[in-house]
Amino acid sequence: MKTRFDRWDRDRSGGLDRGDFESEALRIAEAFGVAADAPAAMRLRAALRGLFELCADHAGVPPGEAISEVQFVKVSEDLIFEQGEAAFNRALRPVVAGVIGVCDRDGDERVDREEFVRWLTALGLDDTAAEEAFEHIAPDGAEALCLDELLAAIRDYHYGRLEVELIAG
């Protein structure tokens with residue numbers, strides 16, 4: 001969770017605010033040549049903003065204030081380990097759907113290898129690690145991943161059940 005915190009806290013302020021989450025949406029959209037005001041980019045930004053608000057509410061952070069690293073780790077651990085997979089899925093499904101909306105260039109509601117690699121490199125992973133992650137995640141050599149497969153991979157990563165990186169350290 002420290003790696004995730006550090007990836008969002010790009011300005012190294014020591015806290016996460018709504019803008020940190022929205023900036024990730026803009027980086028992903030930019031990597032795919034999607035305008036910030038395009039519907040897909042706006043949906044991803046809204047999903048990440050919703051995730052921030054969920055975390056802030058759970059941590060008891062007053063509106064307009066940042067989530068500290070300690071608060072973020074505690075909220076994440078509660079979401080992941082205390083509340084279980086169903087809560088994790090509820091929190092992250094809109095984000096993953098938003099990512100697919102931005103990344104899916106052919107409209108099949110799936111993320112193919114090239115789209116997956118571009119997405120993870122927008123998050124800071126190098127091409128080789130992103131390719132390795134796709135190979136590891138794609139079931140039986142599939143050429144693309146659907147929402148449920150991506151959500152399962154992200155969940156497995158956060159639960160320590162995935163043997164490849166999805167977030168650059």
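What radius of gyration would a compact globule of 169 residues have, and what does the protein chain have? I began with this question, keeping in mind that the model is predicted. A compact globule with 169 residues would have a radius of gyration near 15 Å, and I found 15 Å for the protein chain, which agrees.

**Entry 1, the whole chain.** I looked up the extent of the C-alpha trace, which spans about 45 × 35 × 25 Å along its principal axes. I then noted 8 helices and 4 strands in the protein chain, with the elements running α-β-α-α-β-α-α-β-α-α-β-α from the N terminus on. Buried residues make up 48% of the 169 residues. When I turned to contacts between residues at least 6 apart in sequence, I found that 61% of them join residues at least 24 apart.

I followed helix α2, residues 18–31, which has 14 residues and reaches 21 Å from its first C-alpha to its last, close to the 20 Å expected at 1.5 Å a residue. At its start, a side-chain oxygen of Asp17 reaches to within 3.0 Å of the backbone nitrogen of Gly19, and just after the helix Gly33 takes a positive phi of about 70 degrees. I listed buried residues of α2, among them Phe21, Glu24, Arg27 and Ile28, and I noted that what covers the buried residues of this helix includes α1, β1, α3, α5 and α6.

**Entry 3, a charged pair within α2.** I saw that the side chains of Glu24 and Arg27 meet in a salt bridge, at 3.8 Å from N to O. Both residues lie in α2, 3 residues apart, about one turn of the helix. Glu24 counts as buried because its relative accessibility is 6%, and the cut-off for buried is under 20%.

My search of the whole structure gave 11 salt bridges. In one of them, the closest N and O atoms of Glu85 and Arg155 are 3.3 Å apart. Glu85 lies in helix α5 and Arg155 in helix α8, so this pair ties together parts that are 70 residues apart in sequence. Glu85 counts as partly exposed at 33% relative accessibility, whereas Arg155 is buried, at 12%.

I also looked at Arg118 and Glu114, which form a salt bridge with their closest N and O atoms 3.3 Å apart; they are 4 residues apart in helix α6 and therefore separated by about one helical turn. Arg118 is partly exposed at 29%, and Glu114 is exposed at 56%. Finally, I noted a network of salt bridges that links Arg18, Glu22, Arg49 and Glu53.

Note on methods
Residues numbered from 1 in each chain as written. Predicted model: local features only at pLDDT ≥ 70, side-chain atom pairs only at ≥ 80, totals over all residues. Heavy atoms only, no water. Helix = DSSP H or I, 4+ residues; strand = E, 2+ residues; numbered from the N terminus. Expected span 1.5 Å × (residues − 1). Buried < 20%, exposed > 50% of the residue type's maximum accessible area, 1.4 Å probe, protein only. Contact = heavy atoms within 4.5 Å. Polar contact = N/O pair within 3.5 Å; in protein donor to acceptor, adjacent residues only side chain to side chain. Rg over C-alpha atoms; globule rule 2.2 N^0.38 Å. Salt bridge = Lys/Arg side-chain N within 4 Å of Asp/Glu carboxyl O.
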